[in-house]
Amino acid sequence: MTNTASSKPSRRTVLLGAAGAVGLSAVGGAAWALDRFLIEHADVTSASEYEGLPGTRSSIAVNTATSSTASSGDGVIDGLTYTSSDRQVTITAHSSGEGDTALAWYVADVQLSDATLLESAFAKDTFGTNIIDLPSSILAQVGGLFAINGDYYGFRDTGIVIRNGVAFRDEPERQGLVLMRDGSMISYDETSTNAARLIADGAWHTLSFGPTLVDGSVAVSGIDEVEVDTNFGNHSIQGRQPRTGIGMIEPNHFVLVVVDGRSSGYSNGITMGDFASLFVDLGARVAYNLDGGGSSAMVFNGSLVNNPLGRNKERGTSDILWIGR
């Protein structure tokens, strides 16, 4: 006959068992978070070499005569301006207000003879997740002159990622931006297409963050309510924040903007709606929001142009958009 009293687990055993389960769950959760957000996962190493492999680029050949890797040798730097026969970058610093209304932003007016002169580079020349480096270090790695942070593709595992005419990821998820080889920029729904089709149509880069700020020279309505990647480990992009964005005035004429924030008395950041209005004032037909916060950075000729979070210190990111000499 079974002794039911002795076979029944004690309250202490039940409590210990529950605590053990919670403990294991916590450990498992921590391990998942560590793997998901901190541990590097490389999908393509030596990405720059991969971009040059046969069959990776579209059938439309890159114009090597104007490629930024082959300097024309006639470039001149004057302060925050670089001018050569095929590209011009002019950076202007702006500020307004004081105290709680203080705002500081930096505008790079970029005019190119060929859209492929605006290139992309990955941290450590590696495509994957959680692989980061400082924007200035990534720029130095490719020997470039000017850069802004990209869309931090490496924080997520979705989105269409085409860089320098090569598809690295084809997981449609959100509203994206495509820079075409003809110098035009188009806001598009990733879920309505795919990487192969975009490349066949002439895509040079896609960016997957958002939202689109300006379309048809008009600020997009409702963007103050949009959330991007609202998940564990991510913060809201709403409110007054440091921001980075890119806009097109006309094909091959772009404006790249970085707004500092979260620094009382220096710059408190900008709302999404006001960021869109800034691009409209600059004459952009299309504009798109990139990764922001402490990641917002602009680098020129080896020096940090903006002042991230008022600390004059860069934060690691997964990618940059850059221009060479």
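**A conversation about the model**

Reader: Which residues does isoleucine 246 touch, not counting residues up to four places away in sequence?

Author: Isoleucine 246 touches Leu118, Leu177, Met185, Leu207, Val255, Leu256, Phe279, Val286, Ala287, Tyr288, Leu290 and Leu321, with residues up to four places away in sequence left out of the count. Contact means heavy atoms within 4.5 Å.

Reader: What should I know about the model itself?

Author: The model is predicted, so local features need pLDDT of at least 70 and side-chain atom pairs count only at pLDDT 80 or more, while totals for chains, interfaces and linings use all residues. Residues are numbered from 1 along each chain as its sequence is written, and side-chain values use heavy atoms, with hydrogens and water left out.

Reader: What is the average pLDDT of the protein?

Author: The average is 86, and 79% of the residues score at least 70; pLDDT is the predictor's confidence in each residue, from 0 to 100. Over residues 1–22 the pLDDT is below 50, and this stretch has 2 contacts in the model beyond near neighbours in sequence. Residues 57–72 also stay under 50, and for them the model has 35 contacts beyond four places in sequence.

Reader: Back to the core. Which residues touch the most other members of the largest nonpolar core?

Author: They are Phe146, Leu213, Ile246, Phe279 and Met298, in a core of 51 residues. Strand 5 gives the largest share of this core, 7 residues. A nonpolar core is a set of buried Ala, Val, Leu, Ile, Met, Phe, Trp, Tyr and Cys residues joined through side-chain atoms within 4.5 Å. Buried means under 20% relative accessible area, exposed over 50%, and partly exposed in between, with a 1.4 Å probe and protein chains only.

Reader: How many helices and strands does the protein have?

Author: The protein has 6 helices and 21 strands. Helices (H or I, at least four residues) and strands (E, at least two) are DSSP runs, numbered from the N terminus.

Reader: Phe279 was on your list. Which residues of helix 6 are buried?

Author: In helix 6, residues 272–281, the buried residues are Met272, Gly273, Phe275, Ala276, Leu278 and Phe279. They pack against several strands, including strand 5 (103–112), strand 16 (243–250) and strand 17 (253–259). Just after helix 6, glycine 283 takes a positive phi of about 95 degrees.

Reader: What is the strand order in the open sheet of 9 strands?

Author: The order is 2-3-4-5-17-16-18-14-15, and the pairing is antiparallel. Strand 2 (76–78) and strand 15 are the edge strands, each pairing on one side only. Two strands pair if DSSP finds at least two bridges between them. Strand 4 (residues 87–96) and strand 5 are antiparallel and share 10 bridges, with glutamine 88 opposite glutamine 111 in strand 5.

Reader: And what is the order in the open sheet of 3 strands?

Author: That order is 12-11-13, again with antiparallel pairing. Its edge strands are strand 12 (185–189) and strand 13 (203–207). Strand 11 (residues 175–180) is joined to strand 13 by 4 bridges, and leucine 177 stands opposite leucine 207 in strand 13.

Reader: Methionine 180 lies in strand 11. Why does it count as buried?

Author: Methionine 180 counts as buried because its relative accessible area is 9%. Methionine 180 touches Ala115, Ile186, Asp201, Gly202, Ala203 and Trp204, not counting residues up to four places away in sequence. The C-alpha atoms of methionine 180 and tryptophan 204 are separated by 5.1 Å, although these residues are 24 residues apart along the chain.

Reader: Which residue stands opposite tryptophan 322 in strand 21?

Author: Glutamate 119 does; strand 6 (residues 119–122) pairs with strand 21 in the antiparallel sense over 4 bridges. Strand 8 (residues 146–149) is also antiparallel to strand 21, with 4 bridges, and isoleucine 148 stands opposite leucine 321.

Reader: Where is threonine 317 found?

Author: Threonine 317 is in the loop between strand 20 (303–304) and strand 21 (319–323). Threonine 317 counts as buried because its relative accessibility is 0%.
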